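The following account leads the reader through one structure, from its domains to its ligand and then to several individual residues. Please keep the sequence and the model in view while reading.

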Amino acid sequence: MKYYSTNKEAFVVSLQEAVVKGLAPDRGLYMPERIARLPKNFFDEIENSGLQDISKTIVEAFFGEDIPKEELDAIVDDTLNFEIPLKNVEDGIYALELFHGPTFAFKDVGARFMARMLSYFVKEEQQEINVLVATSGDTGSAVANGFLGVEGIKVFVLYPSGKVSDMQEAQFTTLGQNITALEVDGTFDDCQALVKSAFMDEGLNTRLKLTSANSINVARFLPQSFYYFWAYAQLIQQTQFSKTVFSVPSGNLGNLTAGLFAKRTGLPVDRFIAANNRNDVFREYLQTGRYNPRASVQTIANAMDVGAPSNFDRILDLYSHSHKAITNDISSYRYNDTEISKAIKNVYQGSGYLLDPHGACAYLALKEGKKPDETGIFLATAHPAKFKKTVEACTGIPIQIPSALAAFMQHKKQSITLPNDFGLLKKKLIGQS
Ligand SMILES: *Cc1c(COP(=O)(O)O)cnc(C)c1O
């Protein structure tokens, strides 16, 4: 399968090149030339299949021309080795819990899958690769844990010193092995600028193979489509329904785009809702047809604090830039911190279900946007214990931290402090290899 750039000014490339490079040379995002329709009998039998089996079929449809089936199956087995339960929260409203993986947030699936796929290609190319990732907290932990111990890859996590929570810091500074935490004397934006400079620096790129691990990478965002199929299979088992709608808490729109791909392969989803917090660039685009990226503002659902969603161009491309076609499939609602906090409190008091701020935003959007004849699923993207203080302040009830999450705090922090200086970062990166 060939991959083209959404900017259409770069050559088409192989899957290998799309995954190793991440971003196309014309700064566009890679898209597969074709999206296979899955056969009808796959959907007829889906309710009797497990998560791994369903995912193996989908992964073969996407990547089967380029990677041997045994290899893909092994990658799926190694990635989806935890539960993704669908829970009934209220009449007609279900939560798909995507937070039972190593770092208790949904990015675990994409990060692990990408690590294994990149490792496969690195072996082919016989040259070690360096993954650089800037994080304000959660991406760093998912990427570090997803890539931990994966052959042929070194990971450098750049994070702003003193600006991530202790628990987040512990998730990427205590791992060792192929993971190095660089503690930058600066802000998250400084970290991101350092990573950008590294990708642009010719000298560095001739010495080292560098890549990123964010959701612009096809190997990271596409595997996120697996769980839409799995949710559908579980819904058939649990209830009778005619129409389905998914509500997705959205930031960079990687998760939503994966859902749109799932629909394109034939998954019978009627439509999607993109839940926004106060960072509502995408909602504004749906309402007005104008896209106006801007600086993000801070909210309690901070993994959605994105002012220029990186997968926006993929959505435009998927719908041939038709605003009408996009709004046929997707609607959007937005909520402020007060509304999100109230939802956490009210749902807990009403049904005993505990939401995290991201899931709460998606719940609210589903509640507002779902029509009476639709069955709704919202994606619960993070474990509420990851946002312990916020969630406890809403419900007044202490949260138990899962032991696997608490265990990160038991290990010794290992980080290398780094001034906000690209010259020094470059020295550090070249010095290590
Ligand atoms: C990253 C993240 C999101 C947003 O997902 P996108 O793919 O960036 O839209 C939502 N919730 C949580 C908990 C996340 O970590």
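Contact, as the word is used here, means heavy atoms within 4.5 Å. The model is a predicted one.

Leaving aside its neighbours within four places in sequence, Thr257 is in contact with Phe221, Asn311, Arg314 and Ile315. Is Thr257 buried or exposed? Buried means under 20% relative accessible area, and Thr257 counts as buried because its relative accessibility is 0%.

Leu253 itself deserves attention. It lies in the loop between β10 and α12, and it is buried, with a relative accessible area of 2%. Most residues other than glycine have a negative phi. Leu253, however, has a positive phi, near 70°, and is a residue other than glycine. A second case of this kind is Gln177, which is not a glycine either and has a positive phi of about 50°. Gln177 belongs to the loop between α7 (166-173) and β8 (179-185). In contrast to the buried Leu253, Gln177 counts as exposed, because its relative accessibility is 65%.

Leu253 leads on to the ligand. Which residues come nearest to the ligand? Of the 14 residues around it, these are Lys107, Gly251, Asn252, Leu253 and Thr381. The residues of this shell divide into 6 nonpolar, 7 polar and 1 charged. A polar side-chain atom of Lys107 lies 2.5 Å from an oxygen atom of the ligand. Polar backbone atoms also take part: one in Gly254 is 3.1 Å from a ligand oxygen atom, and one in Asn255 is 2.9 Å from a ligand oxygen atom. Taken alone, the ligand exposes 380 Å², of which the protein buries 97%.

The strand β10, made up of residues 243-249, contains Val245. With a relative accessibility of 0%, Val245 counts as buried. Leaving aside neighbours within four places in sequence, its contacts are Arg271, Phe272, Ile273, Leu366, Lys370, Glu374, Thr375, Gly376 and Ile377. The C-alpha atoms of Val245 and Phe62 are separated by 23 Å, and the two residues are 183 residues apart along the chain.

Attention now turns to the domains. The domain assignment gives domain 1 as 84-102 + 221-401 and domain 2 as 108-217 + 410-432. Their centres, taken over C-alpha atoms, are separated by 28 Å. The contact between them takes 16 residues from domain 1 and 12 residues from domain 2.

Why is Ser212 described as buried? Its relative accessible area is 9%, and the term buried applies because the limit is under 20%. The side chain of Ser212 makes a polar contact of 3.5 Å with the side chain of Asn214. Leaving aside neighbours within four places in sequence, Ser212 is in contact with Met114, Val131, Leu132, Phe199 and Asn217.

Key. Residues are numbered from 1 along each chain as its sequence is written. This is a predicted model: local features need pLDDT of at least 70, side-chain atom pairs count only at pLDDT 80 or more; totals for chains, interfaces and linings use all residues. Side-chain values use heavy atoms; hydrogens and water are left out. A residue is near a molecule or strand if one of its heavy atoms lies within 4 Å of it. A polar contact is a pair of N or O atoms within 3.5 Å; within protein, one must be able to donate a hydrogen and the other to accept it, and residues adjacent in sequence count only if both atoms are side-chain atoms. Accessible areas come from the Shrake-Rupley method with a 1.4 Å probe; for residues, only the protein chains shown count as cover. Ala, Val, Leu, Ile, Met, Phe, Trp, Tyr, Cys and Pro count as nonpolar, Asp, Glu, Lys and Arg as charged, and the others, Gly among them, as polar. Buried means under 20% relative accessible area, exposed over 50%, partly exposed in between (1.4 Å probe, protein chains only). Domain bounds come from an automatic or database domain assignment. Helices (H or I, at least four residues) and strands (E, at least two) are DSSP runs, numbered from the N terminus.
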